[in-house]
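Here is my note on this structure, written as a short tour in numbered points. Please keep the picture open beside you as you read.

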Amino acid sequence: MPFLPGIIAIIQKKPWTIDYGLWTNLIFAPMEKEVVLSGIRPTGFLHLGNYFGAMRNYVRMQDDFNCYFFVANWHSLTTHPDTKELQNSVHRVIAENIACGLDPEKVALYIQSDVPEIAELYLYLNMLAYKGELEKTVTFKEKVRLNPENVNAGLLTYPVLQAADILIHRAVKVPVGKDQEQHLEMARNFAERFNYRYGEVLPLPYAFNYDSELVRIMSLDGTGKMSKSENQLATLYLADDDESIRKKIMKAKTDQGPAETNAVMPDYIRNLFTLMKLVSAADTAKKFEDDFNASSTGNCIIRYGDMKKQLAEDMAKFIQPIREKAADIQNNKPLLGKIIQQGADKARASASETLKLVRQAIGMNYV
Ligand code: TRP
């Protein structure tokens with residue numbers, strides 16, 4: 001008698017206990033948006049590589065997903081124990097993310113240390129992480145090499161804390177670059193071990209990005225990725241003023257020009273075109289590209305000086321509103337405080353739900 005429970009429920013006037021069947025559930029159940037999460041380390045200033053490689057995608061995700069974005073200030077302690085600059089950097093990163101278009105009403109934008117639930121999950125996950133696998137992590141080995149006198153346990157368990165960041169909201173999509181893929185694989189391993197030992201609680205998270213290939217911005221001196229700390233004169237920061245932007249772009253590496261028509265573009269020239277396509281009018285890059293392709297030795301039509309001048313103007317116009325909005329927010333302490341509190345509240349609500357399930361699964365619920 002499959003209808004009996006439903007009929008009894010109607011008699012008892014408890015319609016919510018009736019199983020209305022799969023189709024009704026599919027039609028009436030609110031579609032849960034998938035959970036997206038990413039963390040930003042607050043060491044250094046955010047730059048154009050962060051903007052086009054990450055933040056611009058976060059902004060696109062905020063309507064499609066249930067988004068959690070946070071400032072990883074605990075993680076920064078693993079390499080930067082001196083916290084003199086930290087508070088200011090954390091505030092700046094929050095302000096810059098909003099200036100770039102993140103809406104604190106739509107997403108949870110919060111600071112890691114405001115969510116103590118993460119630390120508790122980190123503790124449980126630490127019991128499922130093995131010393132051997134942590135020592136083999138590429139980022140760990142790299143940090144040991146760079147800073148052999150501060151190989152602390154926090155550094156070793158950095159991927160465990162990152163897994164806790166993700167799993168505490170049961171996030172399944174994590175927008176990160178290639179360099180974070182090993183950490184994500186470790187997060188999946190810890191989640192699987194947890195589920196195997198204590199029961200299915202934690203969904204497995206995967207790296208995720210909209211574009212199959214992320215826009216990669218190179219340093220203006222042509223030496224690899226634009227980065228927060230290396231060669232600041234070749235990095236365009238969201239906090240740079242117009243004059244520094246012009247200076248840096250005018251100093252960007254170029255050469256005498258192509259030696260034949262339709263020549264292969266060197267990386268550092270291609271990077272200038274990449275930047276131009278991102279911030280200039282559509283036909284501007286096209287014009288310089290045509291000039292490049294028509295040039296050859298003795299007949300150099302492309303003028304890198306002119307190209308850089310144009311790019312510098314367009315870049316200054318692009319960065320200026322972000323810089324100004326970020327500064328406004330950062331100087332408005334009551335507003336900043338409200339945003340941070342709002343983010344913490346949202347993040348803690350979700351985190352404490354997961355932690356409750358985790359405690360139940362482990363049997364750490366005593367009352
Ligand atoms: N490790 C990341 C980085 O270096 C920052 C980070 C910390 C993170 N926790 C995270 C990224 C959780 C994604 C998800 O960039």
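1. Helices (H or I, at least four residues) and strands (E, at least two) are DSSP runs, numbered from the N terminus. Two strands pair if DSSP finds at least two bridges between them. Strand 1 (residues 35-40) and strand 2 pair in the parallel sense, over six bridges. Another link here is that Gly39 has Phe70 as its bridge partner in strand 2.

2. A word on where this comes from. The model is predicted, so local features need pLDDT of at least 70 and side-chain atom pairs count only at pLDDT 80 or more, while totals for chains, interfaces and linings use all residues. Residues are numbered from 1 along each chain as its sequence is written, and side-chain values use heavy atoms, with hydrogens and water left out.

3. Now the chain as a whole. The protein chain has 16 helices and five strands, and its C-alpha atoms fill a box of roughly 90 × 55 × 45 Å, taken along the principal axes. Buried residues make up 45% of its 367 residues; buried means under 20% relative accessible area, exposed over 50%, and partly exposed in between (1.4 Å probe, protein chains only). Of the contacts in the protein chain with a separation of 6 or more, 77% are between residues 24 or more positions apart. Contact means heavy atoms within 4.5 Å.

4. Strand 1 is mostly covered, with five of its six residues buried. Strand 2 is mostly covered too, with five of its six residues buried.

5. Move on to strand 3. Strand 2 (residues 66-71) pairs with strand 3 in the parallel sense over four bridges. Tyr68 stands opposite Ala108 in strand 3, and the bridge partner of Val71 there is Ile111. In a regular strand the side chains alternate between the two faces of the sheet. You can follow this in strand 3 (residues 108-111): Ala108 and Tyr110 point one way, Leu109 and Ile111 the other way, and all are buried.

6. Which residues of helix 6 (residues 116-126) are buried? They are Glu117, Ile118, Leu121, Tyr124 and Leu125. These residues are on the same side of helix 6 because they cover an arc of only 120 degrees around the axis, the arc being that of the directions from the helix axis to the C-beta atoms. Their cover includes helix 4 (73-77), strand 3, helix 10 (158-167), helix 11 (181-198) and helix 16.

7. Just after helix 16, Gly363 takes a positive phi of about 90 degrees.

8. Most residues other than glycine have a negative phi, and most peptide bonds are trans. Arg170 is not a glycine, yet it has a positive phi of about 50 degrees. Arg170 sits in the loop between helix 10 and strand 4 (173-174) and counts as partly exposed because its relative accessibility is 25%. Asn262, also not a glycine, has a positive phi of about 50 degrees. Asn262 lies in the loop between helix 12 (242-250) and helix 13 (267-279), and its relative accessible area of 56% means that Asn262 is exposed.

9. Finally, is Val151 buried or partly exposed? Val151 counts as partly exposed because its relative accessibility is 42%. Look for Val151 in the loop between helix 8 (138-146) and helix 9 (153-156). Leaving aside neighbours within four places in sequence, Val151 is in contact with Phe140 and Val144. The C-alpha atoms of Val151 and Leu167, 16 residues apart along the chain, are separated by 26 Å.
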